[in-house]
Amino acid sequence: MTANNEHDDWWKQAVVYQIYPRSFKDANGDGLGDIAGVTEKMPYLKDLGIDAIWLSPFYPSDLADGGYDVIDYRNVDPRLGTMDDFDAMVKAAHGAGIKVIVDIVPNHTADKHELFLEALAAGRGSAERDRYIFREGRGEHGELPPNDWISLFGGPAWQRVDDGQWYLHIFTKEQPDVNWNNPDIHEEFKKTLRFWSDHGTDGFRIDVAHGLAKDLESAPLADMDPLAVQHGLCHDFTSPLWDRQEVHDIYREWREVFNEYDPPRFAVGEAWVVPEHQHLYASEDELGQVFNFEFAKANWDVDAMRAAITEGLESAAETNGSTTTWVMSNHDVPRHASRYGLPQVPSHDHHQLAKDWLLRDGQSYYEDRELGAKRARAAILMELGLPGSAYIYQGEELGLFEVADIPWDRLEDPTPFFTRERFIEKGRDGCRVPLPWDSSDTPAPADWNGGFGTGASFGFSPASKADGTASDDPHLPQPLWYKDFAVDVEEADAGSMLSLYRECLAARAALLTPTGDTACAPANAGHEVIAYTRPSTDGRTFASYTNFGDDPVDLPAGEVVLASGDLSDGQLPQDTTAWILLSE
């Protein structure tokens, strides 16, 4: 049988591992993960059984927003390596049978990007300034911003420059929005797509894919709902900022670039849009695939999870040639092992609930980690049995929980800097803490500080730098409980989360990965059970059963391939998933 990642349309059923480069593996001891660190851990990624890696931004950046403020789209941040390092990483990945996806950030640049510096220097009315969204201010002397919009991180969405004009920034002030009505921007990003394709990249993840096209001319710039900037879920394409029909003209243009290569490059869009619009981005004439975030938003509730599955499959069915995606965690949301350990409130956006309960003051009195881990084990089997692509976030295969109590003075994410006066939310750093690789590299008790260690990094950094001096502490502090979740500990434990992921991915590859296999049928197993069947590669019928109810349930006759927990006399306990090859 041909392996999934040997098909040209490998991405339709791929398991993609998201790497947040600065927190994955540090090869040179400066406390930042780097490209060489990814190359170093390629055997680990191959053993995990993934089809592709997706690297969050590794470009030159001042890190105002975790690297999403890009200074140069066609280079590597010198703190993370060189283009030679990137080429070596791609070669190692391809040698391991792993595809490479890179992050493209087309909604905005950094304020130190060459084009923005040119815009500032050129002044009002210039062709250079038209590449961004500049407007005159209100008030007698233009001292007020053009309108009352607020950025997604809090504070005004406009920043004034020295000559008195204001520019739009939906995110931080260091991330000015570009003007996609300007042809120079089109050419700039097509050049970027070709650059990384020529360097062996197999695909792209498109940041804020639903936000590129804007209509500020017909939208009133004054007296508009100040929260309008935050409402992207529109059903009628009328938002001046989000999910506008014109954005699809951009992606049809990009498809022409993707098709210049053999095999054609693909892209997956980060588009927080209503489910009935997802298929537009995933069209074979546009990006090819779009993120389905329903799992990331749902709590551990049978109705919420069933709805997430149904909406994902229905959305994919509307798109010829594409498949859905499944995402439980990423670099923007609290880790799902923690979310599932919180009280589960029906019909609630659990992403927001986790932020309310877990990140308010950096701790949670509600988190039940044993329960969260049990549900996370059940969730990965339920997810990976489904047709379509699954996106795994680094560390979820170790069962990592959110590090919610990082000291305020060590935070990097921009969110806390807008909310710190009220101590509302610690932001996204809790899911971005560097990974633990080696339990023997643990801080001595004398170096413990409020539950965090200094002077060691659980193998994230080498023992010392090339010059023999001690490695720097990780850019975000690691909690001491990381020792129990280090890779070496979990590799030695057949019952660990890592062992489960490896078994799960191996079984999926053997039974379910042909890219044309998108059939999935619900099985009748009672309201408290999510069950579905799919054709297996050996001619039998594959079934997945997940029990959300209080009482154990009977499983159908067949061979149990894998279970997320112990079965009870052949019955499936609560918060447990089993994979079965059904008897004829």
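This section describes the overall fold, the surface and selected strand pairings of a predicted protein model. Residues are numbered from 1 along each chain as its sequence is written, and side-chain values use heavy atoms, with hydrogens and water left out. Local features need pLDDT of at least 70 and side-chain atom pairs count only at pLDDT 80 or more, whereas totals for chains, interfaces and linings use all residues.

The secondary structure of the protein comprises 15 helices and 20 strands, where helices (H or I, at least four residues) and strands (E, at least two) are DSSP runs numbered from the N terminus. The radius of gyration is 24 Å, close to the 25 Å given by the globule rule for 584 residues, so the protein is as compact as a globular protein of that length. This radius is taken over C-alpha atoms, and the rule is 2.2 Å times the number of residues to the power 0.38. The C-alpha trace spans about 80 × 60 × 45 Å along its principal axes.

Among contacts (heavy atoms within 4.5 Å) with a separation of 6 or more, 68% involve residues 24 or more positions apart. The accessible surface amounts to about 21800 Å², with 49% belonging to carbon and sulfur atoms; areas come from the Shrake-Rupley method with a 1.4 Å probe, and for residues only the protein chains shown count as cover. The protein carries 48 positive and 101 negative side chains, and the centres of the two sets lie 3 Å apart. Lys and Arg count as positive and Asp and Glu as negative, with His and the chain ends not counted; each charge is placed at NZ of Lys, CZ of Arg, CG of Asp or CD of Glu.

Strand β1 (residues 15-19) is mostly covered, with five of its five residues buried. Val15, Tyr17 and Ile19 lie on one side of β1 and Val16 and Gln18 on the other. Strand β1 is joined in parallel by four bridges to β11 (residues 389-393) and by four bridges, also parallel, to β2 (residues 52-55); strands pair if DSSP finds at least two bridges between them. Val16 has Tyr391 as its bridge partner in β11 and Ala52 in β2.

An open antiparallel sheet contains five strands in the order β14-β15-β16-β20-β18. Its edge strands, β14 (521-522) and β18 (558-563), each pair on one side only. Within this sheet, seven bridges join β15 (residues 529-535) to β16 (residues 541-547), and Thr533 is partnered by Ala543 in β16.

Conventions: Buried means under 20% relative accessible area, exposed over 50%, partly exposed in between (1.4 Å probe, protein chains only).
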